[in-house]
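Hi everyone, thanks for coming.

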Amino acid sequence: MARLIVACLLLPGALAACGKGPLPYPEEIAAHRAEVDRFMRESPESPVPAEKRASFPPLSYFPIDPAYRVPAALQVVQGGPTVPMPTSTGQVRQMQRVGTLSFTLKAHPMTLGAFVEANQNDMRRLFVPFGDLTNGTETYPGGRYIDLDRTASGVYDLDFNRAYHPYCFFNSSYDCPYPPAENRLKAPIRAGERLPRPNR
């Protein structure tokens, strides 16, 4: 589920460790998006069919908006329940709820469940699928994803500017979980990846 992107561009502040000073936030997100575009066109791990990669256009995004980057507190659920998530291929993926992220976005309190694969022992990375009121018009009908590295503090940098479409949007052979009901936000999240505009 996580995109395999150069670590220097995935982790906030990691650019300094890669021999460069930290970029201003808009430049950091722009650099991340440029790296994603290169990944889609050039990587053998790209979900884009090989014959379409060379002509694959840059991905479409909402404008970068720092208001969609908020702190979130994870309330961990020990031995959290297994949640069956229907997928894009008609299967059911068993996911384990690690906990619930609580945050405030544009003055509205919200929550999102954070998950890992039910049979996965590695809990270092959280999968946060979500739906919102842009689905089916401005974004993929099945929702979008955010990936988070676990923190010792339980506080997370929840950045919707990094929200991305699942791989099944680009290639129907991928099996992508749909967000559960608890992760369908009753607000439009106009940040992160979006559908291409008709005039593109």
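Before I go on, the ground rules. This is a predicted model, where local features need pLDDT of at least 70, side-chain atom pairs count only at pLDDT 80 or more, and totals for chains, interfaces and linings use all residues. Residues are numbered from 1 along each chain as its sequence is written, and side-chain values use heavy atoms, with hydrogens and water left out.

Okay, back to A107. You'll find A107 in the loop between strand 4 and strand 5, and it has a positive phi of about 75° although it is not a glycine. Why point that out? Most residues other than glycine have a negative phi. K106 sits in the loop between strand 4 and strand 5 as well, and its phi is positive too, near 50°. With 47% relative accessibility, K106 counts as partly exposed.

What do strand 4 and strand 5 form? They make a hairpin with two residues between them. The two run antiparallel and are joined by ten bridges; strands pair here if DSSP finds at least two bridges between them.

Let me zoom out for a moment. The protein chain has three helices and nine strands. Those are DSSP runs, numbered from the N terminus: H or I of at least four residues for helices, E of at least two for strands. Follow the sequence and the pattern goes α-α-α-β-β-β-β-β-β-β-β-β. Of the chain's 200 residues, 49% count as buried. The protein chain exposes about 9900 Å², and carbon and sulfur atoms supply 56% of that. Those areas come from the Shrake-Rupley method with a 1.4 Å probe, and for residues only the protein chains shown count as cover.

What about contacts, meaning heavy atoms within 4.5 Å? Of the contacts in the protein chain with a separation of 6 or more, 63% come from residues 24 or more positions apart.

Now for the inside. A nonpolar core, in this talk, is a set of buried Ala, Val, Leu, Ile, Met, Phe, Trp, Tyr and Cys residues joined through side-chain atoms within 4.5 Å. Which residues touch the most other members of the largest one? In that core of 25 residues, the answer is F103 and F160. The elements giving two or more residues to this core are strand 2 (69–76), strand 4 (92–105), strand 5 (108–117), strand 6 (125–130), strand 7 (144–149) and strand 8 (155–159). Apart from it lies another core, of ten residues, including V83, M85, M95 and F127.

If you click on F160 and leave aside its neighbours within four places in sequence, you'll see contacts that include Y68, F103, L112, I146 and G192.

On to the aromatic rings. Rings of Phe, Tyr and Trp (its six-membered ring) pair if their centres lie within 6.5 Å; planes under 30 degrees apart are stacked, over 60 edge-to-face, and the rest tilted. By this rule there are eight aromatic pairs. In one of them, the rings of Y145 and Y164 have centres 5.9 Å apart and planes at 85°, so that pair is edge-to-face. Y145 is in strand 7 and Y164 in the loop between strand 8 and strand 9 (193–194), so the pair ties together parts 19 residues apart in sequence. Both Y145 and Y164 are buried.

Then there's F169 with F170: centres 5.0 Å apart, planes at 75°, so edge-to-face. F169 is partly exposed at 30% relative accessibility, while F170 is buried at 14%. F56, Y140, F169 and F170 form one aromatic cluster.

How many disulfides are there, counting cysteine sulfur atoms within 2.5 Å? The count comes to zero. C168, at 11% relative accessibility, counts as buried, and C176 is buried with 4%.

Last stop: E138, in the loop between strand 6 and strand 7. E138 is buried, with a relative accessible area of 16%. Its contacts, leaving aside neighbours within four places in sequence, are F62, R190, R194 and L195.

Key
Buried means under 20% relative accessible area, exposed over 50%, partly exposed in between (1.4 Å probe, protein chains only). Contact means heavy atoms within 4.5 Å. A disulfide is a pair of cysteine sulfur atoms within 2.5 Å.
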